[in-house]
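Biologist: I would like to go through the terms used for this model. Please set each one against its cut-off.

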Amino acid sequence: MAKKTIGPERRDLVPLEDPEQKQFIEFRNVTKKFFDFVSVNYLSLKIYKREFFALLGGSGCGNTTLMRMLAGFETPTSGEIFLDGQDLSGIPPFRRPSNMMFQSYALFPHMSVAKNIAFGLEQDNLPKSEIDDRVAEMLRLTKLEQFAKRKPHQLSGGQRQRVALARSLAKRPKVLLLDEPLGALDRKLREETQFELMALQEDLKMTFLIVTHDQEEAMTVADRIAVMDRGELVQVATPSEIYEAPNSRFVADFIGDVNLIEAKVLEKADNGTRMQAIVGDFAIDTEQTTAASVGDTVWYAIRPEKVRIAQGQPEGSVTNQIGGIVWDIAYLGDVSIFHAKVGKDDHDILRATKANISRMVENPITWDENVVLTFDRDAGVILTG
Amino acid sequence: MSKAASRSKRGLGGWGLIAVPYFWLLIFFLAPFLIVFKISLSQVAVAIPPYFPTFDLYEGWQAFREGLSELSLENYVWLTEDALYWKSYVSSVYIAAVSTLITLLIGYPIAYGMARSPEAWRPTLLMLVILPFWTSFLIRVYAWIGILKNEGLLNQFLMMLGLIDEPLVILNTNVAVYIGIVYSYLPFLVLPLYASLEKLDGSLLEAAEDLGCPPWKAFWKITVPLSLPGVIAGCFLVFIPAVGEFVIPDLLGGSETLMIGKTLWVEFFNNRDWPVSSAVAVILLLILVIPIVLFQNQQQKMAEKNQ
């Protein structure tokens, strides 16, 4: 049997674990305070060349501040930021080799699309022919050729977004900063644009840094994600690691849907751990080892799609099995989410999702029905924090 | 939707609503203007009112037609013959233009500072700009006499500092007129300018800087072009009343100060020549209206071209 791994790896990317790989962007012990409010708290982070890196977090988590410090719009209270080996402290924004795509796009309303794209190039005093060539290239890249002479207010939201992207790419910056770049677009367009962004990043072989609060967006586009909370990094890992191996309850809960089961450690072995759920009164057997001692309270995080739900005793041997009553069903089309009551209290709910793989079902699982919930030894993660 | 279609859909209520401002303009602008225009075509007379002919509805149609035939452009011809008038016009436009420029140079930094100040301060700053309006315009101009005269506050202050030995002669010169106009009309320039600067999205300047444009250059490339509508509105609000200004040149200016408002006043009250002063007023209006209409046409064409 092949060794199990978490998710596929991007083959063209130098393995991030490679010690030879030099960091391209480095935040070293960076703190940013606004009066009493600590926006970024003694944070260190390394980002590698040609990575698509996401800073993910809710509002006020400090991800935007972190990006703005890299762009030069905020000065760190303490700590240093390096880009391609250069210490950025004291360098004003207009001399930094990064370009930013703003959340509001910040297109110059009195300039045409072509003029907007040319703006950055004109600042470098490039010859006119070169500017024209580069603008034409950017217009082609973002499929905006026929809009070159239009003003921003004559464009749709999606077109404006592409102008903003073209403008920030025109100078071929060492790193492209994307501040909630797709927030103003509707869902369909946003998903399309996410894939376009990824293709663009691979084509241009550039380093992209994106700030977003949308976990799906981060997981779609990014090679690595830094989950942030209250000015600190909670976890920095690939999307699949973040999802399948969260390091804390915060990350498990923030990314996707999760059942967090409070449990007591019963038994520790080399090949796994046995726990007893505190509510619901059932045993959990996992192949994961834990640093917690016997008798400690831990959290067992298991994603709903990894919990199987059935009406009767499943065939074959099962490691983890819990009886429950169907409390609620949410039918989402592609999947159904079942809320099964596994304890005495109404809140003692275990969620399981089931893919609706056929249109018609004989004897479907229904409300108040007795069900059996099962999951494998490697289905969940033990969390202590 | 075409213009015709939108017009046909406008109901009676819609017309009524539009009629109100037109009615207002008719009563308080067009009718008085026509009266002044008619007087400008009349001849001076020793009578009450001091011009001829006068129209009286009771005298019937025949008298009205006779009256019409008496009207002539004589007064307008007179305005071209006496150099005093065109010199007054040129001098007024010059003084108004220079004052507008100075007001802009002082007003722009004020409006810019207000728009860039913390949001909590802005209502207070706005209030401070409007505050002088709480005192009568006339009193404020009078107050400048006390400041600018030879033994006034300004000269006393400068002599106390030892910057000058003898008082500067400012009052009753054109300098005093400039000071008076700039002081009086500054709020009219600051307010529209502040409104357009405050709307300016700060992220535009950040974007310019991010793209390699130093802040001082971004000011010229982004802030100034985007505040241009405010600059133009503010300059009009200063320039137009300044051209016809009478109180300020009369109180602060001297005998050398030639402004059309003063000329008009002298013509009207000292010479009791209502027809000529009416002609002066009509020409003044044309001098002000024609460039504005041309400018607006130009703006409209530009806007249409952009569409």
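Biologist: Which residues of helix 4 of chain A are buried?

Modeller: They are A:Arg160, A:Gln161, A:Arg162, A:Val163, A:Ala164, A:Leu165, A:Ala166, A:Arg167, A:Ser168 and A:Leu169. Buried means 20 or more other C-beta atoms within 10 Å of the residue's own, with C-beta atoms placed from the backbone. This is a predicted model: local features need pLDDT of at least 70, side-chain atom pairs count only at pLDDT 80 or more, and totals for chains, interfaces and linings use all residues. Residues are numbered from 1 along each chain as its sequence is written, and chains are lettered from A and ligands numbered from 1 in the order in which they are written.

Biologist: Why is helix 4 of chain A called largely enclosed?

Modeller: Ten of its 13 residues are buried, so the rest of the structure largely encloses it. The cover includes strand 6 (98-101), helix 2 (113-123), helix 3 (128-141), strand 7 (175-179) and helix 5 (187-204) of chain A. Helices (H or I, at least four residues) and strands (E, at least two) are DSSP runs, numbered from the N terminus.

Biologist: What span should helix 4 of chain A have?

Modeller: At 1.5 Å a residue, residues 157-169 should span 18 Å. The rule is 1.5 Å times one less than the number of residues. The end C-alpha atoms are 18 Å apart, so the two agree.

Biologist: How many residues of chain B are in contact with chain A?

Modeller: 15 residues of chain B are in contact with 18 of chain A. Contact means C-beta atoms, placed from the backbone, within 7 Å. Helix 10 of chain B gives the most to that side of chain B, with six residues.

Methods. Contact = placed C-beta atoms within 7 Å. Buried ≥ 20, exposed ≤ 12 C-beta atoms within 10 Å, placed from the backbone.
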